[in-house]
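My entries follow the display.

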Amino acid sequence: MENSFIIENLLQQKSSIRLEFKAQPNMDAIAKSITSFINTQGGDLVVGVDNDGKILGVENAQQQAIAIQNALVELIKPTAPISVQVINYKKNDVILISVWEGAKKPYHYKGVIYNRKGQATTITNHKTLDNIILQRKETDFHWERMPLLGAELADLDTFEIEQTIKSYKEYKKDANFVDVEDFLIQVGLIQNGNITNACMVLFGKNPVRFIPQCKIRLTLYPSKTSGNQFIDDKVFDGNIFRNIIDLSTYLDTVYGKNLSIEGVFRTEKPNYPILAFREGIMNAIVHRDYNSIKGFLQISIYADRTEISNYGALPDGITVADLKVEHNSILRNPDIAQMCFYRKFIEMLGTGTQRMIRDCKVNKFKIPVWKQKENVTTVIFPNVTHNRKTEGITEDVVRGISKKVVAKIEGIIEGITEGVTEDVKDKITKILLVIYKESGVRTVDIEKLTNIPVKSLERYIKQLKDAEIIEFKGANRTGGYYLTKDLENKINSME
């Protein structure tokens, strides 16, 4: 089955502070263990496997899983994200229950607070409880829960909130809210009458008005390096849910699909690992450091790879090497992560990076590579690139120029660009279009309008002068470049 490798990975480990095996689906024992995980470091519980790693399986696993999830959500207070999955492993169904470390400690089951000590689930003593309460107080001063002064309910996207309420009620069957505001209060996104930072990032109509660093930028480069030249540069400045949807639509277009015919059937395969990309983008969204004005999330698509970079170092105790195996999932933004989980943008807890690797392998892409430099974490997808040609002329350059003129200039330069790359042709065309539109422009002006580096620009200008296509008129300090009379006449004859 799709996620059997997760069980394979867990079986290679021993029971620990974050992992437990249970032979039978005993509801009381499961709830105590899960509560202890939430109060400690989060973790995984596998039902249908004994302590020696023997696979016993669970009968009627799907019904059992639904019953377990409903009971855990109902009985563990306050409400926490709990992922319950049925996974077929070696012809046996087992149940995997995963949780994050809770952000609203202490959590209790039937009024009792449990925590994890080594491999054991224990009732929390007074000293441990004091530490848990202290952690809760520190969390309440986290950036996510700070009041966003000046923000009002009218600044929020009611549609996205209502969609989230609908998903939340599917998760917690007995949830009841008077209205949108009541929901936000109950889940902690409005505190003391104030909209929180997390609330605005999640549901804002125009969140960058309040939190400029929450936007996502995506840039397509024609080569293997970044620079002044790019094919497309887009900014996604909506709320998280709007951005995820818009990004997915755009990426489908940018990467395209590979069509093939097998017999009488046509098959389509995306040119990028969809699940791995979704996990990579979600990881960046929920782990980015929104607190810093320097914070960013940048998706860069080069001619030989795609990179997803976000401002925010890995948590203490987690290394790049840990991302390739089972590891502790420490949330930088738990309120944001929880809403994404309820909306089903996060399907399984704590397995994102492993699933990214698996998805790439299954779909025959190179596995992703993670890097961290200073406070920036980057995941790189080798050989995953866009389908855009590099010869497109930027909109700013052609604005106000008729298509006939553009076509004529493109035809005129064919004689002097034979044998060169399409990228070079594009640059030379840009230069001529700028001179056509702004007669008398100087090199420094052309550089600003075309984003062509000055050294390359000077080389192309010399080439155009030698071909008697452009000429320099006036004094060295005040003059500029013009199209030659002969070229002007050819262009005018087309209009």
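Predicted model: local features only at pLDDT ≥ 70, side-chain atom pairs only at ≥ 80, totals over all residues.

Residues are numbered from 1 along each chain as its sequence is written, and side-chain values use heavy atoms, with hydrogens and water left out.

Entry one. I looked up an open sheet of four strands, ordered β3-β6-β7-β8 with antiparallel pairing. Strands are DSSP runs of E, at least two residues, and helices are runs of H or I, at least four, numbered from the N terminus; two strands pair if DSSP finds at least two bridges between them. β3 (76–77) and β8 (120–123) are at the edges with a single partner strand each, so one side of each has no neighbour in the sheet. I found two bridges between β3 and β6 (108–109), and lysine 77 has histidine 108 as its bridge partner in β6.

Entry two. I looked up an open sheet of six strands with mixed pairing, in the order β12-β11-β15-β16-β18-β17. Its edges are β12 (232–236) and β17 (369–373); each has a single partner strand, so one side of each is left without a neighbour in the sheet. β11 (216–220) pairs with β15 (297–301) in the parallel sense over four bridges. Leucine 220 has isoleucine 301 as its bridge partner in β15.
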